[in-house]
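Reader: I have a new model open on my screen. Can you show me how to read it, feature by feature?

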Amino acid sequence: ESLTQLRETGLDALSLANNHAGDFGAEAMVDGLAQIRDAGMIPFGAGQDEQAAVRAFHTTVKNLRIAVLGVTCIDPDQLPTGPSQPGRSCLPNHAIAIKQSLSKSLTQADCVVAFVHWGDENTIRITEAQRSWARWLIAHGADAVIGCHSHCPQMTDTFQGRPIFYSLGNLAVHLGDDPEHPARGLPPFTTPSLAILDLDGTGKIVEHDHRIVAGALP
């Protein structure tokens, strides 16, 4: 039901490179990949094997070719993918494969975005690991790095002239029916933001903006 609702909002793809994709094991994650496809969306950041997990999602926006890679730095040893093992695209586990995927994407896309699950929850503080991996991703070809996992927006930075959005917060939150849920009503969980990228005709990011959105989706 949730997948149908997400598709109806206009989402084209979902990253499964996060710390919950493997909660119920490899078989359940593979089933989730199939259900996402059945709902009309494309999963990335996880797959049947390492090659599929690190493969970028490709799309075209106003005649520009965009590639988005999904990566998680949270619990990298929980269901990491392998040559014949379903799992998630993780750093540092799959650094070589992710570097190769970035390199390949640069030949197939005008703009390459790394979408990363990282950092500490419920804080605006940036960790040194976030800074380090953001710069690593840009050094290996990412035109922009966009992060999540903290549940609240974090700062924006640049490296080599390329934007880093450390966290966008939560656009939509499912807290269940428990009125005592510890996250219910906390400002970080109700303050989503958007990463705005302005590209020129060649796909180069010429402007970027981190825009706070008033209120979250229910």
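Author: We take the sheet, a helix and then some single residues. Keep in mind that this is a predicted model.

Reader: Start with the sheet. What is the order of the strands in the open sheet of 6 strands?

Author: The order is β4-β5-β7-β8-β10-β9, and the pairing is mixed.

Reader: Which are the edge strands?

Author: Look for strands that pair on one side only. Here they are β4 and β9, the latter at residues 156–159. From one strand to the next, the twist averages 20°.

Reader: Where do side chains point along a strand?

Author: As a general rule, side chains in a regular strand alternate between the two faces of the sheet. Now take two residues of β4. Phe57 is buried. Thr59, also in strand β4, is partly exposed, at 28% relative accessible area.

Reader: What does Thr59 contact, leaving aside its neighbours within four places in sequence?

Author: Its contacts are Leu64, Arg65 and Ile66. Ala109 is 50 residues away from Thr59 in sequence, yet their C-alpha atoms are 8.8 Å apart.

Reader: Back to Phe57. How do I read a pair of aromatic rings?

Author: Check two values, the distance between centres and the angle between planes. Planes under 30 degrees apart count as stacked. The model has 3 aromatic pairs by this rule. One of them is Phe44 with Phe57: the centres are 5.9 Å apart and the planes meet at 20°, so this pair is stacked.

Reader: Which parts of the chain does the pair link?

Author: Distant ones. Phe44 belongs to strand β2, residues 42–44, and Phe57 to strand β4, 13 residues apart. Both Phe44 and Phe57 are buried.

Reader: Now the helix. How many residues does α4 have, and how far does it reach?

Author: Compare its span with the expected one. Helix α4 covers residues 95–108, 14 residues in total. From first C-alpha to last, α4 reaches 20 Å, close to the 20 Å expected at 1.5 Å a residue.

Reader: Which residues of α4 are buried?

Author: Ala95, Ala97, Ile98, Ser101, Leu102 and Ser105. They span an arc of only 160° around the axis, so they lie on the same side of α4. Ile96, Gln100 and Thr107 are exposed on the other side.

Reader: Backbone angles next. Where should I look for positive phi?

Author: Check residues other than glycine as well. Asp75 has a phi near 45°. Asp75 lies in the loop between β5 and β6, and is partly exposed at 42% relative accessible area. Asn122 has a phi near 60°. Its place is the loop between β7 and α5, and at 43% relative accessibility Asn122 is partly exposed.

Reader: Which glycine takes a positive phi in the hairpin of β11 and β12?

Author: Gly203, near 95°. The hairpin has 5 residues between its strands. Strand β11 (residues 193–199) and strand β12 (residues 205–212) run antiparallel, joined by 7 bridges. Leu197 has His208 of β12 as its bridge partner.

Terms used:
Residues are numbered from 1 along each chain as its sequence is written. This is a predicted model: local features need pLDDT of at least 70, side-chain atom pairs count only at pLDDT 80 or more; totals for chains, interfaces and linings use all residues. Side-chain values use heavy atoms; hydrogens and water are left out. Helices (H or I, at least four residues) and strands (E, at least two) are DSSP runs, numbered from the N terminus. The expected span of a helix is 1.5 Å times one less than its number of residues. Buried means under 20% relative accessible area, exposed over 50%, partly exposed in between (1.4 Å probe, protein chains only). The arc is that of the directions from the helix axis to the C-beta atoms. Rings of Phe, Tyr and Trp (its six-membered ring) pair if their centres lie within 6.5 Å; planes under 30 degrees apart count as stacked, over 60 as edge-to-face and the rest as tilted. Two strands pair if DSSP finds at least two bridges between them. Axes are lines fitted to C-alpha atoms, for helices over the stretch in contact, and angles run from 0 to 180 degrees between N-to-C directions. Contact means heavy atoms within 4.5 Å.
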